[in-house]
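User: Can you walk me through this model? I'd like to start with the pockets.

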Amino acid sequence: MSVRRTPGLPVSALVLTAGLGTRLEPLTYVRAKAAVPVNGETLARRVIRWLASSDIREFVLNLHHLPATITASVGDGSDLGARVRYSWENPVLGSAGGPRHALPLLTDAADSRTSDPGSRILDPGTFLIVNGDTLTDVDVSALLDSHRQSGALVTMALIPNPRPDKYGGVAVEDGRWVRGFTRAGSPGSSYHFIGAQIAEARAFSGLEDGVPAQTVGALYPHLIATDQRSVAAFICDASFQDIGTPADYLATSIHLAAAEGDRTKAGRGGKIDPSASIVGSAVWDDVTIGPGAELTECIVCDGVEVPAGARYRRCAIVPAAGRQPKAGQRIEGKLLVAGF
C-alpha cells in the first residue's frame, strides 16, 4: 500500500513500548520487546521510520521493562528525522494508563506545533497511538482524515480478522462505529485491530494518572456505553505482521529478509565459525557460534555462546544468567533454551 505524504501531519505519535513482552519470552529476558531486531532493525526503529515517512516528527515512547535497550536503539530519534522523548512508567500502566501518563508530553508537542502558522493542527489534544510490537503500513493520513470526519474520541485502524481463532475481535456497526470487543475463538465475523489509532486527549484525561488501566478491557467499553459514537472504526486493507511469540517473530523476520535482503545474521560484535551451519535463523549481538554448530530455525539472542558441535532446531537461546527455567524451557550449560 502506498503512503500518502503530506506537509507535516499535525499529530504527535505515542509508541507503546513499555510492555513486559511475556508472550515473547525468553527473548524479552534480554531486550524489551520493542528493542528486538527484526531482520536487523529493532521494532521501535521500524515503527518510527514508517511514521516519519508519513511526515510525523514528534514522538513519545513509554518505557518500563529493560528501558535501556530501547533508548540505546532509538536515542533522540534525530537519525530517523524525528524528535523522540520518553515517558517513564513504574509500575507499567497499560494501554490506557500509559497514554494518560504521557499526556503532558503529547500536548506539549501539540502546543509547539500550533505556533507554526503553516501547521495543519486539528486540536492540541489529537494524537496517534501505535503499538510498538506490530508492523503495519496503514495510511496514517487517511486514518487521521477519517477520525476528523467522525467526531469520535478514538478511531481504530481495523482489518477483517485474519485468524479469529488466534486474535480477539472488534465488533463494528454500519461499517463505522465500534460496538464492542470479542475474545479469540468467538463465533461470528469480526475485525482485527492492527495497532494504530487516533485519539483525543479527553478520552484519557478522566483517568487517574499513575494508575494502570486498559483500553479494550475497560476504558473503550465505558466510552461506548456513554456515547455510541465515541469509538470509530477505520476499516482498511493494510498489511499486518505479528511479533507476538518467538515463532511469530522468526516468521516475520524471515519474511522481511526475503523482501528486504537478509540481515537476520547481521548482529554486532559476534563471531561465527565458518564451519557452523545457520539456516533460517536470527542471530543478535555479541554472539559466538563454535565450529560445526548447527542452528536451524533458531533465535540466538545477545551474548549467547553456542558450543562447538551443538545442534539446535526451532528454539530460542539466551544466556542462562542464573535464571530458573519455566515450563517449556531448559538449561544447557550456560544457556537457557526454549523450544517453539
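This is a predicted model: local features need pLDDT of at least 70, side-chain atom pairs count only at pLDDT 80 or more; totals for chains, interfaces and linings use all residues.

User: Which residues are closest to the centre of the largest pocket?

Analyst: Arg 23, Ser 95, Asn 131, Asp 133 and Phe 193 are the closest, out of 43 lining residues.

User: And which element gives the most to that lining?

Analyst: Strand E11 (191-200). E11 gives 5 residues. Other elements that give two or more include helix H3 (94-114) and helix H5 (215-226).

User: How does the lining of the largest pocket divide into nonpolar, polar and charged?

Analyst: There are 16 nonpolar, 20 polar and 7 charged residues.

User: What volume has the second largest pocket?

Analyst: About 410 Å³. It has 22 lining residues, and the closest to its centre are Arg 31, Gly 40, Thr 42, Arg 268 and Asp 285.

User: Where does the largest share of that lining come from?

Analyst: From helix H2 (67-74), with 3 residues. By class, the lining of the second largest pocket has 8 nonpolar, 8 polar and 6 charged residues.

User: Switching to strands. What is the order in the open sheet of 3 strands?

Analyst: E15-E18-E21, with parallel pairing.

User: Why is one side of E15 and of E21 left without a neighbour in the sheet?

Analyst: Strands E15 (277-279) and E21 (311-313) stand at the edges, so each has a single partner strand.

User: How many bridges join E15 to E18?

Analyst: 3 bridges, with E18 spanning residues 294-296. In one of the pairs, Ile 278 has Leu 295 of E18 as its bridge partner.

Definitions and conventions:
Residues are numbered from 1 along each chain as its sequence is written. Side-chain values use heavy atoms; hydrogens and water are left out. Two strands pair if DSSP finds at least two bridges between them. Helices (H or I, at least four residues) and strands (E, at least two) are DSSP runs, numbered from the N terminus. On a 1 Å grid over the protein atoms alone, a cavity is a set of points where a 1.4 Å probe fits but cannot get out, and a pocket is an open set with protein on both sides within 12 Å along at least five of seven lines; lining residues have an atom within 4 Å of a point. Ala, Val, Leu, Ile, Met, Phe, Trp, Tyr, Cys and Pro count as nonpolar, Asp, Glu, Lys and Arg as charged, and the others, Gly among them, as polar. Grid points are joined across faces, edges and corners, and a volume is the space filled by probe spheres set on the points.
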